Amino acid sequence: MEIDTYDVAIIGGGPAGSTAATLLARAGRRVVVLERDKFPRFHIGESLLPFSMQTFDRLGVREKLDRTFLPKFGGEIVAACGTKGVKFYFKDGFRSRRDRSYQVTRSEFDKLLLDHSRENGAEVREETDVKNIAFENERVRVDIENSAGADETIEARYLLDCSGRQTVLGNFYNLKKNYDHLQKFSVFAHYENVDRPEGIDGTLIRMVRGLDRWFWMIPLTTTRMSIGVVMDTATFRAMKLSPETALEQCIDEQPMVLERMKRAERVSPVYSAGDYSYRNTKLFGDRWLLAGDAAGFIDPVFSSGVFLAIISAEKAADTLDEVLRDESRKRRLFKKYARTVDYIMDIYLTIVNSWYRRGKEFIEVFLNPTDTMQIAAAVNAVLAGNEGKSLAIKWRMWLFYFFVNAQRFLPLSPRLSLVPKKETSPSPAEPVGAIL
Ligand SMILES: Cc1cc2nc3c(=O)[nH]c(=O)nc-3n(C[C@H](O)[C@H](O)[C@H](O)COP(=O)(O)OP(=O)(O)OC[C@H]3O[C@@H](n4cnc5c(N)ncnc54)[C@H](O)[C@@H]3O)c2cc1C
């Protein structure tokens with residue numbers, strides 16, 4: 001039987017897989033995407049970051065995205081006690097050149113990107129499950145089960161794993177290391193008719209921070225909202241409730257969420273996810289690279305997942321294209337790829353660690369904006385996806401973490417209880433244009 005040979009086989013057609021596929025196809029490479037599901041399908045990860053815009057431009061997909069999705073101009077973080085909140089806008093980030101990203105319904109977003117890969121020349125096989133992988137004779141052989149349930153084998157010179165949290169190669173080589181200090185659990189659903197402000201403020205992601213949990217409220221369309229809560233897995237287990245009842249109870253106990261949900265109606269099942277914070281100890285091998293969640297995922301807070309998926313996939317596609325041109329440079333280019341992706345993930349790991357480990361102090365400093373030395377603008381830029389490579393951002397971030405740590409011993413910012421009050425007062429968030 002004749003076996004199809006590709007330059008690159010990609011496992012997974014999520015944002016990482018489709019980004020890499022489009023770029024490789026545009027570079028003239030023969031590329032195949034093997035996707036287990038039939039799109040559109042539900043996926044979580046709906047709030048995007050502005051620093052993905054340059055990749056969307058490169059993919060040639062901006063116009064389609066502009067036509068289809070709500071813009072997102074920033075975020076709002078509110079203390080659960082209802083006494084303090086802050087809105088921030090991406091335009092105010094340190095030396096900002098991007099004022100927006102998108103809030104997306106992932107089923108539509110992922111399909112749009114995958115269809116775009118097809119239009120750009122990638123072969124996309126949906127309902128195709130990768131079953132086994134074997135590396136041999138400078139080739140990788142991938143055993144797949146196709147949509148008709150039949151087994152097939154394809155060959156490629158390189159394999160790019162974009163299989164998301166399935167981490168196909170991470171499991172194959174036993175590379176996955178969980179972050180034990182980030183054992184979190186999330187429950188979430190879509191709602192219609194959740195109240196929101198008019199205009200630009202109606203596009204912001206709203207995060208409500210309690211003592212042992214935080215909520216997201218993401219406007220997906222003009223009427224639909226994604227609402228979820230994140231807590232320790234141990235806290236969820238101790239509730240002894242189904243995800244559906246847990247979500248209802250968490251919302252009911254939370255006036256800063258409930259105040260907007262008087263007319264709300266749930267229009268999706270309640271979904272849940274846990275055990276999702278990990279990194280693979282190696283991001284490349286002789287004939288393979290990992291990108292997106294297949295390389296690692298940190299945490300939903302600050303919405304970095306799709307940004308990391310897209311930027312790592314873009315770098316993986318560029319790396320593979322160069323290696324296909326000149327294999328003698330492979331080792332150096334693969335190492336550089338892994339260093340870069342690890343570096344960007346570490347930026348988010350640091351801010352996520354601070355958010356959870358110094359929970360109260362982080363939020364007290366964050367919600368007390370003073371734009372001394374443009375520290376707030378630097379934090380804003382990092383949360384927009386700025387890799388923070390410049391010294392100008394680095395020292396400002398260092399000072400931000402210093403203030404958060406110092407807040408434990410010395411209340412530089414007013415203390416907050418983060419315990420919900422029974423009566424709701426009007427939303428306290430005031431536009432400040434910057435955060436700290
Ligand atoms: C609770 C929660 C909330 C989140 N919120 C946000 C947010 O607001 N913003 C944000 O940016 N990110 C968020 N994320 C993260 C986001 O979901 C991911 O980072 C993002 O989807 C990663 O994209 P990806 O392409 O790497 O993987 P995926 O989008 O998961 O795509 C992987 C694809 O691989 C396919 N696949 C898997 N195994 C196989 C196989 N064996 N054969 C063939 N195909 C296979 C899957 O079907 C899937 O389509 C959140 C995550 C969680 C858990």
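**Exercise 1. Overall form**

*Solution.* The model is predicted, so local features need pLDDT of at least 70 and side-chain atom pairs count only at pLDDT 80 or more, whereas totals for chains, interfaces and linings use all residues. Residues are numbered from 1 along each chain as its sequence is written, and side-chain values use heavy atoms, with hydrogens and water left out.

Step 1. Buried denotes under 20% relative accessible area (exposed is over 50%, partly exposed in between; 1.4 Å probe, protein chains only).

Step 2. For 436 residues, a compact globule would have a radius of gyration near 22 Å, and the chain agrees with its 22 Å. This radius is taken over C-alpha atoms, and the globule rule is 2.2 Å times the number of residues to the power 0.38.

Step 3. Along the principal axes, the C-alpha atoms fill a box of roughly 70 × 45 × 40 Å.

**Exercise 2. Aromatic pairs**

*Solution.* Step 1. Rings of Phe, Tyr and Trp (its six-membered ring) pair if their centres lie within 6.5 Å; planes under 30 degrees apart are stacked, over 60 edge-to-face, and the rest tilted. The count by this rule is 27 aromatic pairs.

Step 1. Helices (H or I, at least four residues) and strands (E, at least two) are DSSP runs, numbered from the N terminus. Both Phe 69 and Phe 109 are buried.

Step 2. About one helical turn separates Phe 362 and Phe 366, because they are four residues apart in helix H11 (residues 359-366).

**Exercise 3. The surroundings of Thr 167**

Where does Thr 167 lie, and which residues does Thr 167 touch?

*Solution.* Step 1. Thr 167 occupies the loop between strand E10 (151-161) and helix H5 (168-172). Its relative accessible area is 0%, so Thr 167 is buried.

Step 1. Leaving aside residues up to four places away in sequence, Thr 167 touches Asp 161, Lys 176, Tyr 278, Asn 280, Asp 293 and Ala 294; contact means heavy atoms within 4.5 Å.

Step 2. The charged end of Lys 176 sits over the ring of Tyr 278, 4.5 Å from its centre. The criterion is NZ of Lys or CZ of Arg within 6 Å of the ring centre and within 35 degrees of the ring normal.
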